[in-house]
Amino acid sequence: LANECGGRRSLWKRLASAKRVGHRTRTYLRFTKGMVDRFVSARRVSDAMRKEEQRSQSSVYSGGSLSDDVDDAVDRALPKFLQAAWAAVVRDIDRTVKHVGRLLLQDK
């Protein structure tokens, strides 16, 4: 009904729309940044694993734990993986709430 009435272009609705666009933009930027950070971190872990594998093949491998380089790479990558996963969850919830809200308000 609000879409058919004159209140469609009210100042409050414009303000709410601007806030919504700002929130969506920040969410997408966080998601994109998290994915880029995740890929960079995965590359660092992969490089550390490759160096460890080359080191183990060139010398006698004792079968012990991973080197400090690999441990450090994994420790630095874990928070970035979690941030990327959380950004994906927030993005999904944001889309779902928007869709459900529209369907509810338009009685579809």
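Reader: Why is Ser41 called buried?

Author: In this predicted model, Ser41 has a relative accessibility of 4%. Buried means under 20%, so Ser41 counts as buried. Ser41 lies in helix α1, which covers residues 11-58.

Reader: What is Ser41 in contact with, leaving aside its neighbours within four places in sequence?

Author: With those neighbours set aside, Ser41 is in contact with Ala77 and Lys80. Contact here requires heavy atoms within 4.5 Å.

Reader: What makes Asp75 count as buried or exposed?

Author: The relative accessibility of Asp75 is 55%. Exposed means over 50%, so Asp75 counts as exposed. Asp75 is found in helix α2, residues 68-105.

Reader: How far apart are the C-alpha atoms of Asp75 and Ser41?

Author: The two C-alpha atoms are separated by 9.9 Å, and the residues are 34 apart along the chain.

Reader: Which other residues of α1 are buried?

Author: Besides Ser41, the buried residues of α1 are Thr27, Phe31, Gly34, Asp37, Val45, Ala48, Glu52 and Ser56. What covers the buried residues of α1 includes α2.

Reader: How do you know what span is expected of α1?

Author: The expected span is 1.5 Å times one less than the number of residues. α1 has 48 residues, for which 70 Å is expected. From its first C-alpha to its last, α1 reaches 70 Å, close to that expected value.

Reader: Is the crossing of α1 and α2 left-handed or right-handed?

Author: α1 passes α2 in a left-handed crossing.

Reader: How many helices and strands does the protein have?

Author: The protein has two helices and zero strands.

Reader: What share of the protein counts as buried?

Author: The protein has 108 residues, and 15% of them count as buried. Ser41, at 4% relative accessibility, is one of the buried residues.

Reader: What part of the contacts with a separation of 6 or more comes from residues 24 or more positions apart?

Author: Among contacts in the protein with a separation of 6 or more, residues 24 or more positions apart account for 71%.

How values were computed
Residues numbered from 1 in each chain as written. Predicted model: local features only at pLDDT ≥ 70, side-chain atom pairs only at ≥ 80, totals over all residues. Heavy atoms only, no water. Helix = DSSP H or I, 4+ residues; strand = E, 2+ residues; numbered from the N terminus. Buried < 20%, exposed > 50% of the residue type's maximum accessible area, 1.4 Å probe, protein only. Left-handed = near helix turned anticlockwise from the far one by under 90°.
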